[in-house]
Amino acid sequence: MSDTQVFETGSAGPAARSDAEATTLRVAAKRPRADGVVELELVPPAGRRLRDWAPGAHIDLQLPNGMTRQYSLCGDRWDPHRYRVAVLREPDGRGGSAAVHDELAVGDEIGVGGPRNNFPLVPSEQYLFVAGGIGITPLLPMVVQADLLDADWRLLYGGRSRSSMAFLDELAGYGDRVVVAPQDETGLLDLPGFLGRPRPGVRVYACGPAPLLAATEAACADWPEHTLRTERFVAAEPAAPARRTPFEIELARTGVTVQVTPERTVLDAVAEAGVDVLSSCRRGVCGTCETEVLAGEPDHRDALLTDHERQAGDCMFICVSRSRSDRLVLDL
Ligand code: FES
């Protein structure tokens with residue numbers, strides 16, 4: 001069974017608002033790490049320390065072309081003076097990765113929001129990590145942490161070819177805990193063989209393209225609940241909204257009520273009422289716009305909450321989520 005704790009690597013459109021928590025960092029290094037993959041090192045102004053982060057965290061990059069994109073931190077979490085991200089050039093993308101590859105240069109300053117973590121590593125006796133391509137980025141710090149904690153862990157890392165797979169050099173020191181499986185050498189990943197029989201006490205973390213995550217979910221279907229946690233590069237296609245009629249939002253802190261019509265988001269409706277909620281991806285994948293729900297029944301349309309969290313109904317991501325009830329009361 002899966003906890004789909006997901007966010008998108010590279011998600012927002014040009015209209016994304018800047019994050020008020022954003023800080024300006026300098027590109028200290030930019031170097032190729034694999035075919036189509038560049039690594040960026042981002043450093044703060046002299047004398048400053050960066051915010052702490054834990055494995056699974058991501059940052060928002062405010063790119064020169066005006067887009068905001070999310071990238072997993074994949075460097076040393078104990079180094080307070082630099083963040084590292086790795087970016088795959090996506091020829092069919094909407095320009096975020098191309099801006100990183102083609103426009104961003106060493107010495108440039110860039111707005112950075114976060115870090116935030118929607119994919120945390122939870123304590124476990126055993127970890128099985130499954131990475132596909134650039135999906136290695138959030139898992140690399142997890143591997144480091146699991147190893148530091150002396151946990152029982154293994155990583156299955158697939159990619160099109162060895163030359164397309166970043167960080168193989170850093171993983172080489174872990175010996176046979178890491179199974180490197182380029183598709184042009186070994187074919188599709190042998191997930192059942194890697195995972196073994198369903199058993200308790202194991203956490204499976206997977207990140208990669210949608211077909212790999214679907215295959216991992218299928219392979220974990222008979223495992224205990226909450227075994228699998230996944231992180232996606234793109235949000236899964238949400239189902240149709242639960243209602244196609246307007247609903248009301250009451251802003252509890254001011255008592256103001258706004259109407260949300262089918263063509264508007266809750267985020268836009270509350271902004272028009274003068275309440276600015278931070279947002280970044282506007283696609284329900286980054287977690288920035290999380291808002292507490294005090295009453296009413298949200299129609300969750302994000303890619304972040306687990307089934308359990310959805311049922312609790314006490315928070316929602318207002319860039320995409322809507323309402324099932326006629327009225328929602330939000331802590332705004
Ligand atoms: S702005 Fe990213 S989840 Fe709402």
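Two residues are in contact here if their C-beta atoms, placed from the backbone, lie within 7 Å. Keep that in mind as we walk through this predicted model, in which local features need pLDDT of at least 70, side-chain atom pairs count only at pLDDT 80 or more, and totals for chains, interfaces and linings use all residues. Residues are numbered from 1 along each chain as its sequence is written.

Let us begin with confidence. pLDDT is the predictor's confidence in each residue, from 0 to 100. The protein chain has a mean pLDDT of 89, with 92% of its residues at 70 or more. Over residues 1-20, however, the pLDDT is below 50, although this stretch has 88 contacts in the model beyond near neighbours in sequence. Where pLDDT is low, the predicted coordinates should not be read in detail.

Now for the overall build. The protein chain comes to eight helices and 19 strands; these are DSSP runs numbered from the N terminus, with helices (H or I) of at least four residues and strands (E) of at least two. An automatic or database domain assignment gives domain 1 (2-117), domain 2 (126-232) and domain 3 (247-330). The centres of domain 2 and domain 3, taken over C-alpha atoms, are separated by 34 Å. Among contacts with a separation of 6 or more, 69% join residues 24 or more positions apart.

Next, a close look at helix H6 (residues 210-219). Its buried residues are Leu-212, Leu-213, Thr-216 and Ala-219, where buried means 20 or more other C-beta atoms within 10 Å of a residue's own, exposed means 12 or fewer, and partly exposed is in between. Seen down the axis of H6, the buried residues fall within an arc of 125°, so they line one face of the helix; the arc is that of the directions from the helix axis to the C-beta atoms. They pack against strand E8 (126-132), helix H5 (191-195), strand E11 (202-208) and strand E12 (228-232). On the other side of H6, Pro-211, Ala-214 and Ala-218 are exposed.

Finally, some backbone details to look up. The peptide bond from Gly-114 to Pro-115 is cis, with omega near 5°, and Pro-115 lies in strand E7 (residues 109-117). Phe-167, a residue other than glycine, has a positive phi near 70°. Phe-167 sits in the loop between strand E9 (152-159) and helix H3 (168-171), and is buried, with 20 other C-beta atoms within 10 Å. Arg-282 also has a positive phi, near 55°. Arg-282 is in the loop between helix H7 (266-272) and strand E15 (290-295) and is buried, with 22 other C-beta atoms within 10 Å.
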